[in-house]
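Trainee: Could we go through this structure together? I would like to begin with the core and then turn to some individual residues.

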Amino acid sequence: MQKTFYKEQIMTINEIQEEIVEEFSAFDEWMDKYSYLIEIGNDLEGFKDEWRLEQNLIEGCQSKVWVHAELDGDKIIYSADSDAIITKGIIALLIRVLSDKTPDEILNSELSFVEEIGLKDHLSPTRSNGLLSMMKQMRLYAVAFKAKMG
């Protein structure tokens, strides 16, 4: 009897973004999309109290958002939390897309899902600025880890 071994499928950043766009396309109304975003945020876990430091706070966000990053081998693992439910959902999506990727994968990625699901158009200007700040900070972590790796 022949055994078949399946290698765990590791999705690329673009494949994850396509999956998110597909999930959000199931909803016609923006209230349903917000509800889904809140649900995604509620699933975000694993943020340790000792990471709630001033240096992990994202500047430019109306609400409090903490992002922690650490290197695991050659991949960056992001953790985050927020005191606002919509923002927590947004950072959860960013973590889903960017966490467990190499600095190069992160730096070479184009985060198109934000536009494709219409998120940017349905955020207040302050939340929109916060989203850009979150994306910028996650990229800065990637730059720092890439430099550290040599």
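This is a predicted model: local features need pLDDT of at least 70, side-chain atom pairs count only at pLDDT 80 or more; totals for chains, interfaces and linings use all residues.

Trainee: How many residues does the largest nonpolar core have?

Mentor: The largest nonpolar core has 42 residues. Those with the most contacts inside this core are Val67, Tyr78, Ile91, Leu94 and Phe113.

Trainee: You listed Leu94. What is Leu94 in contact with, leaving aside its neighbours within four places in sequence?

Mentor: With those neighbours left aside, Leu94 is in contact with Ser99, Leu111, Phe113, Leu131, Met134, Met135 and Met138. Of these partners, Phe113 is also listed among the core residues with the most contacts.

Trainee: Turning to rings, how many aromatic pairs does the structure hold?

Mentor: There are five aromatic pairs. One of them joins Phe24 and Tyr36 in an edge-to-face arrangement, at 5.2 Å centre to centre and 70° between the planes. Phe24 belongs to helix H1 and Tyr36 to helix H2, 12 residues apart, and the pair thus links distant parts of the chain.

Trainee: Are Phe24 and Tyr36 buried or exposed?

Mentor: Both Phe24 and Tyr36 are buried. Ring pairs also link these two residues with Phe27 into a cluster.

Trainee: What sits over the ring of Trp66?

Mentor: The charged end of Arg52 sits over that ring, 5.0 Å from its centre.

Trainee: Next, Ser133. Where is Ser133 found, and what does this residue touch?

Mentor: Ser133 is in helix H6. Not counting residues up to four places away in sequence, Ser133 touches Ile58, Glu59 and Gly60. A polar atom of the Ser133 side chain lies 3.0 Å from the backbone oxygen of Glu59.

Trainee: Why does Ser133 count as buried?

Mentor: Ser133 counts as buried because its relative accessible area is 18%, and the cut-off for buried is under 20%.

Trainee: Last one: is Ile10 buried or exposed?

Mentor: Ile10 is exposed, because its relative accessibility is 55% and exposed means over 50%. Ile10 lies in the segment before H1. Leaving aside neighbours within four places in sequence, Ile10 is in contact with Glu15 and Lys101.

Definitions and conventions:
Residues are numbered from 1 along each chain as its sequence is written. Side-chain values use heavy atoms; hydrogens and water are left out. A nonpolar core is a set of buried Ala, Val, Leu, Ile, Met, Phe, Trp, Tyr and Cys residues joined through side-chain atoms within 4.5 Å. Buried means under 20% relative accessible area, exposed over 50%, partly exposed in between (1.4 Å probe, protein chains only). Contact means heavy atoms within 4.5 Å. Helices (H or I, at least four residues) and strands (E, at least two) are DSSP runs, numbered from the N terminus. Rings of Phe, Tyr and Trp (its six-membered ring) pair if their centres lie within 6.5 Å; planes under 30 degrees apart count as stacked, over 60 as edge-to-face and the rest as tilted. A charge sits over a ring if NZ of Lys or CZ of Arg is within 6 Å of the ring centre and within 35 degrees of the ring normal. A polar contact is a pair of N or O atoms within 3.5 Å; within protein, one must be able to donate a hydrogen and the other to accept it, and residues adjacent in sequence count only if both atoms are side-chain atoms.
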